[in-house]
Every structure is written in structure tokens, then in C-alpha cells.
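Please open the structure in a viewer and follow the stops below in order. Each stop names a selection and then describes what is found there.

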Amino acid sequence: MAALQRLKQCHSTGLGIAHLHTSSRASAREHYKMLVLGGGSGGIAMSARMKRKMGAENVAVVEPSEMHYYQPIWTLVGAGAKSVASSGRTTASVVPSGVKWVKSRVQEINPDTNTVRTDNGIEISYEYLIVALGIQLHYEKIKGLPEGFEHPKIGSNYSVQTVEKTWHALQNFREGNAVFSFPNTPVKCAGAPQKIMYLTDAFLRKTGRRPKANIIYNTSLPVLFGIKKYADSLWEIVKSRDLQVNLRHNLIEVRADKQEAVFENLDNPGETKVFEYDMLHVTPPMGPNLVIKGSPLADEAGWLDVNKETLQHKRYPNVFGIGDCTNLPTAKTAAAVAAQSAVLHRTITKVLKNDKPDKKYDGYTSCPLVTSYNTVVLAEFDYNGQPLETFPIDQGKERRIMYHMKADLMPHIYWHGLLKGLWGGPEPYRKLLHLGMK
């Protein structure tokens, strides 16, 4: 119950409320050459890189959470293939040694005075700022949530408080409708909402319950996946496994006491359809961090407004961004962060020397589309939606080796490579080839 109550609070790393017009009550108590906002994948990776560049004593990271989670593995946690405990480590253990950890939420960013104020009243000044505050989850924008999670048969792989509820719902499923949603907003890891659908199908087949199940994927999108090559492969899987896909259907209400989910037809606004469910997986609406949205750093939609090639802010040259909080027109994934981290490192190196940034981010991102308990379609693509594949094989096909990379190799590389600032760059999976991956 207490965990579910926390869903009503802030989900995004370092989130607070912007008070942009309040005056400083005291001079800055702390000052750092490089201040990093957010202790997620982008924030920790850049903290490690900046420590090596300018010394630990010159770097600080602001992050309120005691735990750091490798969220890509939550797809497998929701399907019972991994434990939630395996996905987390203490923040203290991932913040680079010697780097100052400011255990607070960001309350205000004032780029005109180069200051940040935290929720406990501390004002921190900086010479350079990296913003890595992530994306905000909005379960509350669906009527009946988050309180609906107090009922059985409903879960969500997007929150540590609800991911195990997905597995419980799957284990206890006997017959009826298993319903999966995709919201009408930007999301992180856009493949995850359908990955759990494929895993549900596989689990029900393995346990002999599939004949009595209707598996339904209701997505707000007009396509199954945004990149045609991989969408074509996924449609073949959908058809061969008798999965029902309804495009342009957006979840607007959950009646958990009645086991009903209400979807709006986005092609005919106002028209709704009620789906009874015996299992429901919710992907919540998402949006920009509210501190960024209320600050001069935001674009019109509320995202951090950065140059899409250099990751430098468009109006404040000593401010940089990485990851889900930015307005970069690419999919929001950990693989994207890995690629962005190397580019941002190069950009900052040039800026520190008063040189012009010369390394360009091409929008590389990746989505390992888990299609069963032993297969993955590894989607990799750029800003233009063109496949940007690493391996000398057709990645549009389901492959066992890609599943093992997703489930077993990538968590190790995340903890010991990306977060140490040692893994990244354009097409980061290509480095696996140098490790003997074929």
C-alpha cells in the first residue's frame, strides 16, 4: 500500500516543483565546476566521464533516490525471468568515488544565474551543467489509477512498485482477456509495452493456458512499431501467434473493481470501448520533467531544448543534456544514452577548450524486442528511422543469441561499462564484436 502511494508522487529522477521567480534567500552554499542533475543512466555515466576529465572534487550529482535501477530488465522481471532485486543497486555504490552526491530533489534551475536550488533549500552554483532528469510517469492521468494497482490482475513494468504485480497477474491468469496498452504520449523504451505481450503469450503456451486466452494489444499509435523493417517482422509474429492488435486505441480509464479497461478511439474522438480483462498491463502516459518544463531551459513542449547533434543547449552554451529529458527526436532508451554519452563527452571537451563541437550524434538508438523467453529482434536505427545495425546478420529476425545478449550480457555491461563511463559511442553494440560476439 505504501509503495502504491508513492506512485502518486514524483516518478522522474530529481523531480521537484519549479519556483522560477523566487529570489535567492542566501548566497550559494556550494559551487562545482560541473553539476549533474539526475542519477539515472545518463547522469551517472556523465559523472564518471567528468570525474576523469576534471577531477572528482569538481563534480557533483543531484539525486534523491537511495536506489538506482537497471530498468531495461524490468520487462523480464514482469515475466518472471529475472528478479526485481537483480535490477537494483544502491545509489551510493554507483556514484563515482569522490564525486559529491547531493541527496536532494531539484527544485529550481536558474540558468541565467548558473544556480540550482534543491528541495532542502541548498543553492548550488556551477560553471557547467548537465541535465539528466529523465521522464515523468503519469499514472494519475488514467482515471482509476494509481489506486487501481491495489487490485489484483493489473501491473506495469514501468515502475519498481508495480513490476512484480505484472508477474503475479500472469501467474494467476487462467482464462479470458490479457490486455496491454500503449499511451498517446512519448514514452521511454517504446518496445516494452509489446514485449510483455509476447512473453505473456509464451508463458501461457508453456503452461497450457493459451487456448483459453485472448491476447489484446491496444496501442495509441497508427503502427505496430515505428521502423518498417522491424514492424514487418513483428506483424508476422503477431499473426502467427494469433495476437489481436488494435491501433489508435488509448487507455483512459481503469475500473479495477470490475476488471474493465476503457479505451478511446483516437480516430473518432469521444468514442470509447470497454474491454473486460483477466490481466491488464498498463504503460502510463509520460511527459517532461516538471522542473525543466517550468524553466528557461525548456522548449515549447517542456523538454530540454538541446542541439540534436551536439547535445549542447540551444540558448545556454554552458548547459548540456542527455537521455529521456531532452527533445532529441529519437527513441528514449538506455542504448541511446550510451551513444549520446560519448558524443556529449566530446562536445564538453571542445567547449572547455573554447573550440567548436565537432562530433555529431546521429540519433542512434536501439530496442531489443523480446519476442519470447529465448528470442529477440534487435532493432537499431537513427534519426531518419533507418536501420543502423551492428551485426553482420539480418537483425529483423528473431534470434536466440540476441536474447542472451539482452538478458545476460547487457546488464553486466551496464553496471561495469556504461555507468563507469567506459562504454558508449555511436552504435555501442559494435563494441561487443570486439569482445568476440558474433
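**Stop one: Tyr198**

Select Tyr198: leaving out residues up to four places away in sequence, Tyr198 touches Leu224, Leu234, Ile237, Val238, Arg241, Leu243, Val370 and Thr371, where contact means heavy atoms within 4.5 Å. This is a predicted model, in which local features need pLDDT of at least 70, side-chain atom pairs count only at pLDDT 80 or more, and totals for chains, interfaces and linings use all residues. Residues are numbered from 1 along each chain as its sequence is written, and side-chain values use heavy atoms, with hydrogens and water left out.

Tyr198 lies in helix α6 (residues 192–206); helices (H or I, at least four residues) and strands (E, at least two) are DSSP runs, numbered from the N terminus. Tyr198 counts as buried, at 0% relative accessibility. Buried means under 20% relative accessible area, exposed over 50%, and partly exposed in between (1.4 Å probe, protein chains only).

**Stop two: Thr347**

Move to helix α9 (residues 334–352), where Thr347 is found. Thr347 is buried, with a relative accessible area of 1%. Apart from neighbours within four places in sequence, Thr347 is in contact with Thr310, Gln312, Phe320, Pro357 and Lys359.

About 50 Å³ of space lies in the largest cavity, and its lining residues include Gly323, Asp324, Thr330, Lys332 and Gln340. On a 1 Å grid over the protein atoms alone, a cavity is a set of points where a 1.4 Å probe fits but cannot get out, whereas a pocket is an open set with protein on both sides within 12 Å along at least five of seven lines; lining residues have an atom within 4 Å of a point. Grid points are joined across faces, edges and corners, and a volume is the space filled by probe spheres set on the points.

**Stop four: backbone geometry**

Most residues other than glycine have a negative phi, and most peptide bonds are trans. Select Leu145 and Pro146, which are joined by a cis peptide bond with omega of about 5°. Pro146 is placed in the loop between β9 (135–137) and β10 (154–155).

Asn114, in the loop between β6 (106–110) and β7 (115–118), has a positive phi near 55°. Asn114 is partly exposed, with a relative accessible area of 25%. Asp242, in the loop between α7 (228–240) and β13 (244–246), also has a positive phi, near 60°. Asp242 counts as exposed, at 62% relative accessibility.

**Last stop: the whole chain**

Finally, zoom out. The chain has eleven helices and 21 strands. Of its 438 residues, 60% count as buried. The C-alpha atoms fill a box of roughly 65 × 50 × 40 Å, taken along the principal axes.
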